[in-house]
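Me: I am new to this structure. Please show it to me, and then I will ask what stands behind some of the labels.

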Amino acid sequence: VNMSFEGTTQCELSWDFQGSSPILQVTSPGNTPAQSSHEDRQQVPVLIKDLCQGRLNMEISPVGGLSFTQASTSREDKEGLYDWKFFNAIVSPDEDSPTRIRDVLYDKKTMYKLLAVTKLVNADLEKVLRYFLTQVWRAKEIFDQEGISEPGKVIPGHKMARLISLFLCGDISQVDEILPIIRRVVAGDGLDVVRVKELLRKHVENYDEWAAEFDRAAKWAAVMLGPMTFNQGFVECEVPPSAESNQEIYVGIPTAKDIYDVLRDKPQLPLDPSFSNLISRIAPYMTFRQISYVLNSSGRPSNHWQPFDLKRLRYVYSVKKKVQEISESYGGLSFLPQSFFVSIFLGEATRSSLRAPMDIVAENHVKPEAADHTKRTVLSKLRRHRLEGSSRLTEEDNEGFVMSPASRVASLSNLHLQHEQPRLASKYNSSSGVEDLLGDSLLGPQDVAILLQAGLTSVMKGSTVVQLNQRMLLDLMASQPRTFAIAVLAELGTPGSQGVPRALTSALMAFIEMDQSSFKPAHRIDIHNLLESWLPGLKIPRRDDYLAGGRWARQSYYDAIFGVSVSILDLAEVYSGLKLRIQRVRHSNESDPVPGPKEESFLTGVETSSDEFHNNANSKLATSINAAKEKIATADDLGKSAVFELKSSGKPSKECASCASAISAYKKAFAACAQVLSLDKNAFQAHWFKSFFRRNYDALMVKSVYDNVIEDVDNVRIWMDALRRGSSLRSTVPVCDGLESNYPRSILDDLDKVFSPISSTQGENSFITNPFFACPEKQKEQDIVDAIIAALFYDPSEREFIANDPLVRLLIPNDPGNYNFTIITAMGVITEGKKGRELEKAVERLKKKRGVVTVRADTGTARSVDYNANKIEEAVEQAVKLGRPYGLVGYSQGCANEFNFESLMLSGTPDQQKLLISSETGLICRQLLFSAANGSVHGPAGEAKAHQLITMSEDFFKYQQGYFSRAFISSTLNIINDILDYRVLPNRRSKFLSRRT
């Protein structure tokens with residue numbers, strides 16, 4: 001057992017029922033199994049034989065995470081379906097867990113046992129479960145029959161239609177009916193609900209009996225698979241950042257840049273006491289990386305700080321370190337004991353932070369001056385009674401009960417009194433505005449939100465420990481300024497990230513329904529009143545009003561809470577500005593001019609005189625610019641002559657003498673441009689430089705594909721022939737502003753031709769019977785170049801420009817040899833991170849040919865841009881150790897993740913900035929592949945779909961209120977919530993955030 005809570009606690013578990021299983025017995029209501037005869041009771045063994053004996057290791061992480069491994073003392077290496085991996089799949093799912101759970105579902109012996117147990121509990125539930133399992137087994141038989149071993153193999157559409165037909169009617173007779181439905185969905189025209197319902201009515205036996213449910217399911221599917229409209233964002237020309245607006249609010253609070261400047265200024269002298277005190281005050285609002293830099297990397301010894309301030313900084317550092325570990329590790333069975341770990345440091349942190357106004361007491365409660373100073377709060381009484389063997393408060397105890405801050409605020413008859421905040425102690429030499437904005441909590445709003453979220457997603461919500469933790473956090477929020485509570489609520493949905501109304505709505509619904517069963521009714525907090533005291537002018541909806549029979553039954557409870565969430569995020573703008581001010585370095589203000597090339601600054605009159613541009617370094621710059629332009633023009637003239645000779649002679653570029661001189665001229669132009677860039681780092685923004693750079697980019701792209709075709713790399717020849725066949729369809733596709741509705745479907749019909757195998761029945765001159773790239777040795781060099789350009793570039797004018805560019809035609813290679821360079825890759829929204837195999841062979845060739853090392857960032861599937869940016873930072877730290885500069889390669893959402901990484905590093909601590917701007921090991925370039933850096937319509941459209949599906953589900957549960965008891969519905973909702981609170985799911989609640997436009 002690791003008592004420091006920094007390592008892993010290990011425990012070996014073993015059980016042996018000696019071949020017997022626990023027995024579940026059921027008898028008629030009013031009787032017990034012991035009182036009933038054998039004929040009057042039913043019984044069934046609970047466990048199958050494989051689970052009657054076992055041994056495994058249970059490990060508990062420093063943040064209370066559970067995981068199972070093979071027992072170290074096991075005498076036999078027990079393997080099979082129910083070894084330690086089975087328990088790990090339930091408690092701590094990993095990438096192999098879905099396969100393990102699927103195998104369990106396929107195990108009929110286990111499932112029949114489950115059905116027998118379920119039948120004793122509820123016969124109707126057993127019928128539903130049996131039907132579900134029967135369909136699962138039937139689907140498995142079909143997949144095995146068709147050779148489908150993984151989800152990706154159900155594509156393309158005709159194979160998917162075949163599988164659906166086999167599942168519906170047992171044969172392939174309905175393929176022609178199903179395929180148009182699939183193509184309609186793929187084309188973006190939505191689901192044909194009428195045809196789907198006709199298919200179901202024809203082939204589902206009990207369709208009429210469940211017609212309403214099938215109709216509702218079809219509508220859900222139509223929303224999920226159909227197009228979705230969403231509100232376009234407002235476009236404004238000038239929007240000042242939150243940190244720059246309302247500057248008067250933040251007077252007295254230093255910016256991140258000011259903090260670092262003071263820490264690095266005169267490092268041999270102690271810090272000014274007032275600055276030392278101010279840094280300790282704002283520490284809870286700083287990031288863990290910032291506090292780590294302040295304490296460990298700023299070069300300041302401990303005696304430069306005031307003793308009290310240093311103690312506070314170190315304490316905040318230790319708390320934030322633990323909270324940071326919890327931030328990615330909470331929710332579900334995986335973190336069952338986490339609340340006990342949290343309570344160890346939470347009690348001390350909240351007790352040291354409480355600053356509740358003791359002179360404000362609700363009516364019908366004992367006044368502080370009338371109560372004896374020895375009276376205990378409810379928390380101390382609960383602890384005392386637990387030690388004495390009783391957890392109930394007596395009536396005598398209740399008479400002298402002193403309310404906690406949150407209870408007092410929630411019970412005030414005049415909520416306006418709550419906003420009167422006490423002043424801070426005199427030891428803080430700050431203005432009252434700073435006092436009321438910051439408070440004096442040792443936990444920042446983000447820290448409190450993470451701990452609250454961990455409690456809300458715990459499977460032990462009914463535990464006294466969890467509820468005490470939540471009460472302590474509420475007391476802390478109530479003891480701070482109202483802006484602190486608003487900040488916590490804004491962070492609650494996606495702590496540390498941008499506010500997302502949908503994520504905040506889900507968290508707020510759980511917050512309002514917070515379990516308080518461990519407290520006596522008189523001591524429970526009215527969460528609605530508490531929230532309304534923090535959010536003046538807002539009315540918090542109550543769930544009962546929106547249930548069937550309530551006064552707002554026709555309206556959506558989710559929509560009502562969603563509106564509150566939007567208002568909370570609006571109210572939190574002051575906090576957002578404060579957080580950005582303290583955490584992020586702004587090197588320039590929004591009103592500052594955008595840096596540009598020096599030559600354009602001179603031409604537009606920004607420079608004071610022409611002499612300033614020509615003196616010293618600028619005279620070298622002007623000379624270098626003129627030389628570069630001349631060399632580009634000379635190289636283009638030689639290149640045009642060389643291309644003419646290439647086309648007339650039909651020789652390859654390596655055998656043409658004029659090509660050699662043109663290539664030599666272009667290399668001199670490259671060197672001249674590099675010289676310009678060394679004198680002015682913004683020179684690449686000049687029109688002439690940018691144009692030449694783009695020409696080089698396109699030329700290297702064509703050269704790369706050409707080399708891959710000649711060298712027969714991977715499947716490039718096959719793909720290029722497929723692209724060539726696909727590009728031939730362009731001439732038959734109309735290009736206009738308004739496309740007909742059948743346009744996407746016509747393209748989908750032609751895709752089968754594009755990727756179809758070669759057929760002997762097709763014409764002799766067909767693209768299919770005469771693959772061009774399959775035998776490049778039979779083609780001329782320039783003909784291959786023309787075919788590559790035609791296949792890769794869509795726009796006719798662009799194709800013509802590139803085809804006439806001598807820089808492309810000459811196929812100029814990069815200089816041979818190893819490069820002093822490292823690549824950091826970040827893939828798209830679906831990735832296996834550092835275990836991924838994207839560009840695997842290309843990376844291997846690059847290392848072998850150029851000596852370039854590639855580091856894969858361990859980005860996650862459907863994770864937020866901030867999480868993935870942190871993973872890219874970890875990869876960069878690993879790459880920097882190689883002592884080389886690096887470049888970033890991003891694909892799709894990986895491009896957004898990389899830009900966010902750059903932003904965080906450039907505005908981060910000096911150590912983080914060095915990772916980006918170091919001349920020896922910093923960032924020098926980036927490559928964006930199919931970039932989604934500016935978001936995409938998938939984000940807001942996905943948000944709109946999720947919102948509509950949730951409200952539709954709410955209507956469904958209201959409808960079921962007439963058929964099921966409130967207790968059953970509550971139990972079902974609790975089970976759904978527990979599943980959604982699993983570790984894998986909370987981390988993906990904001991997955992659409994990174995794809996928002």
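Reply: Here is one place to begin. Helix H13 (residues 338–353) has 16 residues, which at 1.5 Å a residue should span 22 Å, and its end C-alpha atoms are 22 Å apart, so the two agree. The expected span is 1.5 Å times one less than the number of residues. Helices are DSSP runs of H or I with at least four residues, strands are runs of E with at least two, and both are numbered from the N terminus.

Me: What kind of model is this, and how are residues numbered?

Reply: This is a predicted model, in which local features need pLDDT of at least 70 and side-chain atom pairs count only at pLDDT 80 or more, while totals for chains, interfaces and linings use all residues. Residues are numbered from 1 along each chain as its sequence is written, and side-chain values use heavy atoms, with hydrogens and water left out.

Me: Where is the kink in H13 centred?

Reply: The kink is centred on Ile-344 and comes to about 35°. The bend at a residue is the angle between axes fitted to the seven residues ending there and the seven starting there.

Me: What covers the buried residues of H13?

Reply: The cover includes strand E4 (53–60) and the helices H12 (307–327), H18 (445–456) and H19 (464–479). Contact means heavy atoms within 4.5 Å. Among the buried residues of H13 are Phe-341, Val-342 and Phe-345.

Me: Where are Gln-18 and Ser-892 found?

Reply: Gln-18 is in the loop between E1 and strand E2 (23–27), and Ser-892 lies in the loop between strand E8 (886–891) and helix H37 (893–906). Gln-18 has a positive phi, near 55°, and the phi of Ser-892 is positive too, about 55°. Most residues other than glycine have a negative phi.

Key
Buried < 20%, exposed > 50% of the residue type's maximum accessible area, 1.4 Å probe, protein only.
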